[in-house]
Amino acid sequence: MKIHKIDVARGIKWVEVPEANLRVLCGCPADAVKHLIKRGLILPQEIKGVSCESGPNAILLSDVSLQNSEFANLAEFPVLQMLYRQGMLIPNHPNNTGKKPILIGSAEQLDSQMRYIYRGNYGLVSREEIVQAGISEKLATDLMRLKLKFAFGRIRPTSDFIDARVIGSEQVEVVGGVNVRRLESNVFEFSYNDESVTVDLNLNAGDTYESAYPLAFRRFEPEYFAVIHSGEGDGWDVNRPSMSSILTYQGRLYLIDAGPNLANTMAALGIGIDQVDGIFHTHAHDDHFAGLTLLMRAGRRIRYFATSLVRASIEKKLSALLGLEEEHFANFFDVHDLVLDKWNDIEGLEVMPQLSPHPVENNIFVFRALWGDGYRTYAHFADIVSLSVLKGMVTTQQEIPGLDQETFERTRTSYLATYDLKKIDIGGGMIHGDAKDFRYDSSSRILLAHRATELTPEEKEIGSSASFGTADVLIKGLTDGMRRHAFSYLEANLPGVPIHDLRMLLNHSITEINPGAILLKEGEWPKEMLLLLSGWVEKIRTRDNLFGSLSAGALIGSDAMLENRASRHTYRASSFVYVLRLPIGLYSEVIRRNGLLDSVQHVSKMRIFLKSTDLFNEGIPVEVFTRIIGGASNKRYQAGELIQGSDARVINLMRTGKVERVVGNKVLDTLREGDFFGEEGAILEIPSLFNLRVLEDTEVVQVPSGLLKDVPIVRWKILNKHQQRASHLVRSEGQSGTYIWNDSFSIRIARMDGHHKRLFEIADMILEHLSNNSDRTALANVFDALVDYTRYHFASEEELMVLYSYPRIEEHRKKHGELIRQVLEYTEKALEGKLPDKENFLRFMDGWMIRHILDEDRKYGAFLNSQGVY
């Protein structure tokens, strides 16, 4: 055989063609490198006396950035492995032959990965971006000097060290006669001579990407102030999660960083996402960043704590991965910017972020809580740099990359300060710490982390290690936190019930349930109700391909009890779980004697319906669900009716019937039971580009936008669905009279390219309406979208030009004014009934949009590229 294919893990394949010297990692979700190491596809080796590793030299990307809500393409660590651990970028290395690693995929995913790798390498890329993040000009200048030292003197575009192969509709040669083509979405064929293999990167419904390492289940014990050790490894450790911690303080839980396979880590610890109060974020490298999408799928906006400097770096990297504007970050997190070098008070827990030298913006954290005759303290030092490496960067020449002696001394002092507990990165090399620097540290307890290998005897003399899930208790808790949470959950489930009845229900046993245990089977009649207090519980009905999860506060068995029937799902513990056991008779009596039966049954029926839809089937806390149900209402539409006005500005969930999305006379798709519409006006706050026509009598549940805007998991699903729907609005490549984005339009500024693509989509939608005899109202909507987005885009461009002092900004601004005047004039004529024909509009757009991009925008693009901005 000339082509070898190996199934590495779920969603990860390996294709090798030895004759062509091609080794392709197919699919690169989080920790793909660790899977390759475990399968023996990355091995230590020696070439011409130089120690290095084997491994892939190409990566095939997924066609979609997310699969089942997890990042599908995270090429940062696989690329780092090729460049540095294999030696493809290291000067004078035998593997540095001039050949670059190859990324293979769609134009969209390649563009996204190139930008994400760029931000992963450098973070913020200019003094201007650092100043924009709220940092003084002097400190910004110092930080850029240090960044350039790590970057060997120059910020380089990703294309300098990575080649790309775009897979369009035809097969493309990768290298040496090996070809690849797309058979269907996320399914590819590699061929060489007379052989071929098929690679399917799709995940099945309910599947997730596998963790490279199994984790033992641990019992979560909340304490007053404690540190749970949730990760001690690094991005290459095949046995442990990357360095992270979880803080407990007064019953609240805070993550420090969000590394790969965060869901697996939290499940092993018995902590549900809904139990997390906030995250403290150190920096944007994948081993501390890749778990963010789990937190973005919470039922409420989790608090996000970082300095504005780190947050700006995170926003830009996340924007590259997901194709979102940076300002959307605040739609998913409750952002709290921390002040550098100051104690920030977070409801009694105090935290001080400090700068730590790193290739990207990075903070170390010190936490303290007042107790007894002073403070108890914890220092979390992720991705520090060894003092010997840092000392070698010191220079008195202010005009060259490096740092001054004062910055070195300040960093050294912050590293060696004394605390009760200190966890430090000892990963070594140019960008990580060295245990030897802490030999004489007088902290009460030092933990050594962020490395893949065993501690040396010398390191064992300096610090301790921590096993997964163990905890250091700094202040012992003496209150029953579980019952306090149980009371709030009962209150949310039974609004209006007096406190004495809630206390009666609360006075029942709290039980621990082991991982893997079935709590209630489909077809069984519940014998008691279980109030979920902590942990992860799966909700399964395989015959209908239904998979979900429960949040803390969920009542298992309540719907079956209220409807006097057997359970319609199986509920299974996927971690250690704590539940409050409630007798069915007593719970029913509390409902009856408080006159709540009708309202509870109404809530139950509405909840059953909402949870049967993809939009609401998981991750929503009980108190949020209660608010949503309280504000929801039923609405009926008659066949032939057009849905518009206020009805198109709320989320409509279809109970029965059929609704078409149409442009003029062209049907885009048909919505049925369980589907939703109205997301543009309700959540995304953009004009709808199509009409909604009722095909048959339809009943919907309407949910006002105000109830959903702060529910990240719902916003996440709406955004994903909207992007899928929007992609159908742009015609397929090759049709005449349409606007198809290609690289010739790129100005090499990622955010502005994204804006131009959106303008292309709106232009194509206008063409659709003109071709299909749309009514004036529909045309008004799409022309309004064109005007609104043009203004937004021009303002964003001018803001960027001001930031970097673009010398031709006034000339460019005048052209923007003229273009806005032209598009308004054209729009007014169209809405007055002087509708243009298709060819007329094409000529207008060619002169207005295309020429401006090719002639004017490329000028400022080249200028910004020269400043290191891409």
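1. Glu173 has Asn179 of E12 as its bridge partner. The two strands involved are E11 (residues 172–175) and E12 (residues 178–184), which pair antiparallel over three bridges. Strands here are DSSP E runs of at least two residues, helices are H or I runs of at least four, and both are numbered from the N terminus. Pairing requires at least two DSSP bridges between two strands.

2. The E11–E12 hairpin has two residues between its strands, and Gly176 takes a positive phi near 55 degrees.

3. On provenance: this is a predicted model, where local features need pLDDT of at least 70, side-chain atom pairs count only at pLDDT 80 or more, and totals for chains, interfaces and linings use all residues. Numbering runs from 1 along each chain as its sequence is written, and side-chain values use heavy atoms, without hydrogens or water.

4. The largest nonpolar core holds 157 residues. Such a core is a set of buried Ala, Val, Leu, Ile, Met, Phe, Trp, Tyr and Cys residues joined through side-chain atoms within 4.5 Å. Leu295, Phe616, Ile651, Leu653 and Phe841 touch the most other members. Helix H25 (residues 838–866) gives this core its largest share, 11 residues. A second, separate core has 27 residues, including Leu506 and Met561.

5. Beyond four places in sequence, Leu653 contacts (heavy atoms within 4.5 Å) a set of residues including Phe609, Phe616, Asp675, Glu699 and Val703.

6. Is Arg311 buried or exposed? Arg311 counts as buried because its relative accessibility is 17%; buried means under 20%, exposed over 50%, partly exposed in between (1.4 Å probe, protein chains only). Arg311 sits in helix H9 (residues 308–322). Not counting residues up to four places away, Arg311 touches Tyr304, Ala306, Phe329, Val335 and Asp337.
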